[in-house]
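Please look through the structure shown below with its aromatic rings and its backbone in mind. The questions that follow take up these topics one at a time.

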Amino acid sequence: MQMRTLGSGLSVSALGLGCMGMSEFYGAADEAEAVEVVSRALDLGCTFLDTADMYGPFTNERLVGRAIRGRRDEVVLATKFGVERTPDGGRAGINGRPEYVRSACDASLQRLGVEVIDLYYQHRVDPKVPIQETVGAMAELVAAGKVRHLGLSEARPQTLRRAASVHPITALQTEYSLWTRDPEDNGVLTTCRELGTGFVAYSPLGRGFLTGTITSPDDMAEGDFRRHNPRFQGDNFQRNLDLVAKVREIAEEKACTPGQLALAWLLTRGDDVVPIPGTKRLDYLDENLGAVGVRLTPDDLRQIDAILPAGAAAGERYQAQAMQAIDR
């Protein structure tokens, strides 16, 4: 496994592991296999693990904590706060108040069973609280030894600049993939590079769509949140499926899978870009990590850009309510 550096010194595996789907959102999951997935990821050098308190809610941090028990020193552990949920799964909104930052961190440390979090993100920006106040409270966690590095998720350039004026922001996590190329056009990637902030790409496989394994809405289980995602519905589904067919053609030429091609493409976007594909299955983990061995030539990249330019995907990337929670 190759290594990359986020910010001014956080060394992580070039591909991380998103753990969200092991507990929620993508239908039923097998916790025993999920623990095996984490263990195998570590064995293969994929040591950058991503979770959040709201996944489950709360259960995903506990699962990750169990999975890394006895192997803490091998892991770069990232978690998030800010999307406040109740134990019954309800949503209480976005919360960036300083007192909440402190209590959320303590709760995450307890659930994870660790003494320090390597990378602590604000999951969504709270429009009611100045970002300087939220990051100020996060910086106190660094001073207290509870957190090593700070991150933001889905923050616009102006917000990132204000946050960085309080404390260095090691990583910005935002959706980025062949069908979500917004960070290239909205100034986010440019601002990250100006500030020395690394970029962590979540949903790098388009929530599984870019793997080519989803060919019908029926391929998604009942309870899978993608069934309500605009890109997976109606005419959008077929238009996006046509794009994936073109990705598959290039992948066949490169003797790799469509998912590996999508991840390899992201790895070419800069040494400061780290994709974190999520999976809850061992076979998909092995496939994803195989992307580090796929080499794309300049001609390959031009061909990919021709079939999947920015804005090619049909439909918004979230439902309307979720889009409203994004700092834009």
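Q: Over the ring of which residue does the charged end of Arg 231 sit?
A: In this predicted model, the charged end of Arg 231 is placed over an aromatic ring, 5.0 Å from the ring's centre. A charge counts as sitting over a ring when, among other conditions, it is within 6 Å of the ring centre.

Q: How many aromatic pairs are found in the whole structure, and what is the arrangement of Tyr 176 and Phe 199?
A: The search of the whole structure gives 7 aromatic pairs. In the pair of Tyr 176 and Phe 199, the ring centres are 5.5 Å apart and the planes meet at 80°. Planes over 60 degrees apart count as edge-to-face, so this pair is edge-to-face.

Q: Where do Tyr 176 and Phe 199 lie, and are they buried or exposed?
A: Tyr 176 is in the loop between β10 (171-175) and α6 (182-185), while Phe 199 is in strand β11 (residues 198-202), so that the pair links distant parts of the chain, 23 residues apart. Both Tyr 176 and Phe 199 are buried.

Q: Why is the pair of Phe 209 and Phe 237 edge-to-face, and which parts does the pair tie together?
A: The rings of Phe 209 and Phe 237 have centres 5.3 Å apart and planes at 75°, and the pair is therefore edge-to-face. Because Phe 209 lies in the loop between β11 and α8 (234-253) and Phe 237 in helix α8, the pair ties together parts that are 28 residues apart in sequence.

Q: Is Phe 58 buried or exposed?
A: Phe 58 is placed in the loop between β4 and α2, and has a positive phi of about 75° although it is not a glycine. Its relative accessibility is 17%, and the limit for buried is under 20%, so Phe 58 counts as buried.

Conventions
Residues are numbered from 1 along each chain as its sequence is written. This is a predicted model: local features need pLDDT of at least 70, side-chain atom pairs count only at pLDDT 80 or more; totals for chains, interfaces and linings use all residues. Side-chain values use heavy atoms; hydrogens and water are left out. Rings of Phe, Tyr and Trp (its six-membered ring) pair if their centres lie within 6.5 Å; planes under 30 degrees apart count as stacked, over 60 as edge-to-face and the rest as tilted. Helices (H or I, at least four residues) and strands (E, at least two) are DSSP runs, numbered from the N terminus. Buried means under 20% relative accessible area, exposed over 50%, partly exposed in between (1.4 Å probe, protein chains only). A charge sits over a ring if NZ of Lys or CZ of Arg is within 6 Å of the ring centre and within 35 degrees of the ring normal.
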